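Here are my notes on the structure, as numbered points. Please read them with the model open.

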Amino acid sequence: MTGLEKAPTPGDELGAALFDPTSRVDPYPVFHRLREEAPFFRGPDGTWILSRYADISTVLTGPRFGYREPRALRTRALLVEQDRDGLLTDRDSGLSVSSFMTQNPPQHTRLRRFVASAFTGRAVARLRRRIVEHADALLDDIVAAGPVDLVETFAYPLPFRIICELLGVPPEDRAPFPEWSHAIALGMDPDFLLSQEEVARRARAMLDAAAYFHELAKLRRRHPREDLVSTLVHAEGGALSSAEVSSTCIMFLVAGHESTASLIALASHALLAHPGQLDLLYSDPSLTANAVEEFLRYDTPGQTVVRTALTDTTIGEEPVPAGTKLMSLLGAANRDPEVFPDPDRLDLTRGGSRHLGFSQGTHFCLGAALARLETTVAVRRLIDRTRTLEPAGPARWRGNFSLRGLAKLPTVLA
Ligand code: HEM
């Protein structure tokens, strides 16, 4: 039995609405209610769910909040343990997976430093030509081709190809990657929303992906190339452990394309629903980069980040005991009227956006410059190569709670 099946109380009614799969289509009315009625809402597993911009910003930037989440993922298929530093170990194979995303300084600082230079604005700008080439190659097949699913034909494959090239994964090895990254991305949802099969699928996918990257790293150790795997294995004369290399690659695989694919799909969906805003992009190309910031605010792909109170502390006036688990709803913060006037309006000319779409503080998205560039190129090429974009049927939403996105977006590009 999950918390959602308990006898209804007012709190549970809001929780049921929040986690109801039908709310994925438009979660924002529930987010408004949470901010107004229950800004420190207790989820079914006791996690505090935060929805106000100011509270979330306090948690993301304050030193008294971080990662501390020992948990064991016990499944029938395999036994996997996650320790205090987020290390997953398969007891049978001894393979380990950890990620700097779920670690605190100083381990976090050390691991993040190894790859940070690959993601600076300047390093990423060198990828522009390649991103344009991939976008155009994909558009060659779908412009003037009648109705297509824009997710399958464009939003998903573009960032997928780019992250595989960055990591150095050859095309012939890529077939299992979409299944792995879907399973891992779904596994980012709170455990009480996942079935045993989904938990097992996530664990299996992480361990299979770790085994793959372990082998690729061995290859690159002997024969380095110009790719991220080579950078990682040769960092500081090979200072990273094999588990650290594999886990960092897995994090890039998932963070690097699932969320960018979602943003490109959600941006396209928003444009199809707002023809006036779409016209603005046709008439004024210089708006595109600003538009991407508004897409990140208006319909945020990465909806949740989780932290734990490391000491007894407060958020605003609210006392928070040490050990309290906190889930911040970034999409709710991004529609907070205290910060964004008329927050439910898509306005591509909105300036000075302080959205939290890439989080804030220590864990601010490392790939933000790449995600911005890919989405700017994707939207721009979509507009430059067409005269109109029109919906060709209802969109279908993914079931994911934490990584919001579309499964299908039927579109005509003419
Ligand atoms: C639109 C696309 C993207 C969105 C919405 C997004 C969102 C986020 C968010 C919200 C976090 C913060 C998690 C937290 O505070 O706990 C994050 C972290 C991260 N993202 Fe992204 N991301 C995107 C694209 C990318 C790309 C393209 C890459 C790399 C190729 C990437 C790599 C990372 C990494 C490595 C972290 C962990 C940073 C750390 O813990 O220090 N992301 N991302």
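1. Two strands pair if DSSP finds at least two bridges between them. Helices (H or I, at least four residues) and strands (E, at least two) are DSSP runs, numbered from the N terminus. The model is predicted: local features need pLDDT of at least 70, side-chain atom pairs count only at pLDDT 80 or more, and totals for chains, interfaces and linings use all residues. Residues are numbered from 1 along each chain as its sequence is written, and side-chain values use heavy atoms, with hydrogens and water left out.

2. The open sheet. Five strands form an open sheet in the order E1-E2-E12-E9-E3. Its pairing is mixed. At the edges are strand E1 (40–42) and strand E3 (65–66), each of which pairs on one side only. E1 runs antiparallel to strand E2 (residues 48–50), with three bridges between them. Phe41 has Ile49 in E2 as its bridge partner.

3. Strand E16. Strand E8 (residues 147–149) and strand E16 (residues 410–413) are antiparallel and joined by three bridges. Here Asp149 is bridged to Pro410 in E16. Strand E13 (residues 389–391) also pairs with E16, antiparallel and over three bridges. In that pairing, Pro391 stands opposite Thr411 of E16.

4. Which residue is the only protein donor of the iron atom of the ligand? Cys365 is, through SG at 2.3 Å. Donors are N, O and S atoms within 2.8 Å of the metal (3.2 Å for Na, K and Ca); water is not among the atoms, so sites may look incomplete. Cys365 lies in the loop between H15 and H16.

5. A polar side-chain atom of His108 is 2.6 Å from a ligand oxygen atom. For Arg112, a side-chain N or O atom lies 2.6 Å from an oxygen atom of the ligand. His363 likewise has a side-chain N or O atom 2.6 Å from a ligand oxygen atom.

6. Positive phi. Ser359 is not a glycine, yet its phi is positive, about 70°. Its place is the loop between H15 and H16. Ser359 is buried at 8% relative accessibility (buried is under 20% relative accessible area, exposed over 50%, partly exposed in between; 1.4 Å probe, protein chains only). Asp342 also has a positive phi, near 50°. Asp342 sits in the loop between helix H15 (330–333) and H16. Asp342 is partly exposed, at 44%.

7. His134. Is His134 buried or exposed? At 10% relative accessibility, His134 is buried. His134 belongs to helix H6 (residues 128–142). Leaving out residues up to four places away in sequence, His134 touches Leu158, Arg161, Ile162 and Glu165 (contact means heavy atoms within 4.5 Å).

Conventions. A polar contact is a pair of N or O atoms within 3.5 Å; within protein, one must be able to donate a hydrogen and the other to accept it, and residues adjacent in sequence count only if both atoms are side-chain atoms.
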